[in-house]
Amino acid sequence: AEVDDIRHNRAEILVFMRFDEHRGIVCGVFERIGDDIGEQLAQTILIAFHFDVVRHVDFDIVGMPSIGDFQRFHGFVDEIREIDVREQDGGLPKVFKMESAEQAKAPKAAEEAKAETEQQLNCYADFAEHDLCIPVLKGRKTDKEKFAGAEATYTIEAMMKDGKALQSGTSHYFGDKFSKAYDVTFTGRDNQLHHPYQTSWGVSTRLVGAIIMTHGDDDGLILPPAIAPIQVVVVPIAAHKPGVSEKAAELAEKISKYARVKLDDSDNAPGWKFSQWEMKGVPLRLEIGPKDLEKNQCVLVRRDTREKVFVSLDELETAIPAQLEALRKDLYQRALENREKRTWAATTMDEVKELAKANTGYIKTMWCGDLACEMKMKEEVGLSSRCMPFEQEHLSDVCPCCGKPASKMVYWGVAY
């Protein structure tokens, strides 16, 4: 989708659709990413989804598409009916970031829609943990916190370095509520009109903030290798000495075959360059000077630990990927340890209040499922429910708010 005139709050949004084997409809809304440096990072954290493009429709843009937009979509769905759009092969370019996507499925695929809701959540969780190095809790939102009108909302919750929670992605199962309310139907293989079952899921550039607040330090960004626009920066030391600049350029060329690399051959002093690239979060710095040339070696410096390692130039092709992988694992482990040391269990309201007063983090308790108890936790302690995790624990038999029997464990916390 291309934003043609944001000044007038209008844009041409690309709505794409395809039918699956059950004649379900997949549709979504995308916004093009710009060319500035900040957006370059955003485009590296997209999850690519490829669909068959059918047509363009105009929408009013006020953030996410509204249910009013959905009404306008009604005629579009009805018009397509039994057209087989799988033959239309228009792929989406990879310079899009996903804001949201929706899927509508035929009635007999209701269970499949539910399964896809969880599948998409797992996709986001895998991406957050493996590529962004951010451990997340997977779970279901309470009725108070779920998307209005949804049958169920599932979430991945991340903890930032300061102990506050950040909802980092959601996946909703709508059932057929919205399609019935707005009379969205399609003609099925039985030649009858059906209300589709719908899902809706999305992540956004909020994840950029998550990366900064999970991994960053006082010197700037620390970017996980998978999403770093530059993974290795080559800095020549005493570049005016014979052979140094040439060797640095040669190394950068070789490294470009297996990593994203930048040669900093500017006139700035080495110390200035070090600080500059540390601030930008480049995972690995390679230094090479006259003495290194004599020994056929270079120095690799990790952004997270500032650890220096002397590596033979003949071993760089294995050493650099190994260093990047070690950095990835360490970033994740440090974030996980931060979450674990900031997570406490409580069985009474007094314990909850005492823990919340002294710490910032997750407090897990049992919960009876009553909205009044959820509101009491917010009003008296200042904590909101983050999720009912899929991996449940039995902490006690009763709810700490009311003393009634409780079968669900909930994570509570202060959220951004």
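This is a predicted model: local features need pLDDT of at least 70, side-chain atom pairs count only at pLDDT 80 or more; totals for chains, interfaces and linings use all residues.

**Side-chain packing and pairing**

Trainee: In the largest nonpolar core, which residues touch the most other members?

Mentor: A nonpolar core is a set of buried Ala, Val, Leu, Ile, Met, Phe, Trp, Tyr and Cys residues joined through side-chain atoms within 4.5 Å. Buried means under 20% relative accessible area, exposed over 50%, and partly exposed in between, with a 1.4 Å probe and protein chains only. In soluble globular proteins, nonpolar side chains tend to be buried together. This core has 24 residues, and those touching the most other members are Val 352, Trp 367, Met 377 and Leu 383.

Trainee: Is Ile 320 buried or exposed?

Mentor: Ile 320 belongs to helix H9, residues 316-341. Leaving aside neighbours within four places in sequence, Ile 320 is in contact with Val 232, Ile 255, Tyr 258, Leu 284, Leu 286 and Leu 300. Ile 255 is 65 residues from Ile 320 in sequence, and their C-alpha atoms are 8.6 Å apart. Because its relative accessible area is 0%, Ile 320 is buried.

Trainee: Which side chains are joined to that of Lys 141 by polar contacts?

Mentor: Lys 141 lies in the loop between strands S6 (136-140) and S7 (152-159), and Lys 141 is buried, with a relative accessible area of 2%. A polar contact is a pair of N or O atoms within 3.5 Å; within protein, one must be able to donate a hydrogen and the other to accept it, and residues adjacent in sequence count only if both atoms are side-chain atoms. At 2.9 Å and 3.1 Å respectively, the side-chain partners of Lys 141 are Glu 157 and Gln 167.

Trainee: Why is the pair of Phe 147 and Phe 174 classed as it is?

Mentor: Rings of Phe, Tyr and Trp (its six-membered ring) pair if their centres lie within 6.5 Å; planes under 30 degrees apart count as stacked, over 60 as edge-to-face and the rest as tilted. For Phe 147 and Phe 174 the centres are 5.3 Å apart and the planes are at 35°, so the pair is tilted.

Trainee: Where in the chain do Phe 147 and Phe 174 lie?

Mentor: Phe 147 is partly exposed, at 38% relative accessible area, whereas Phe 174 is buried, at 4%. Together with Phe 178 they form one aromatic cluster. They are 27 residues apart, with Phe 147 in the loop between S6 and S7 and Phe 174 in strand S8 (residues 165-175).

Trainee: At what distance from the ring centre does Lys 164 lie over the face of Tyr 416?

Mentor: A charge sits over a ring if NZ of Lys or CZ of Arg is within 6 Å of the ring centre and within 35 degrees of the ring normal. Arg 285 also has its charged end over a ring, that of Phe 274, 3.9 Å from its centre. For Lys 164 over Tyr 416, the distance is 5.0 Å.

Trainee: How far apart are N and O in the salt bridge of Lys 364 and Glu 393?

Mentor: A salt bridge is a side-chain nitrogen of Lys or Arg within 4 Å of a carboxyl oxygen of Asp or Glu, and the count by this rule is 22. Lys 364 is buried, at 13% relative accessible area, whereas Glu 393 is partly exposed, at 34%. Their N to O distance is 2.8 Å.

Methods:
Residues are numbered from 1 along each chain as its sequence is written. Side-chain values use heavy atoms; hydrogens and water are left out. Helices (H or I, at least four residues) and strands (E, at least two) are DSSP runs, numbered from the N terminus. Contact means heavy atoms within 4.5 Å.
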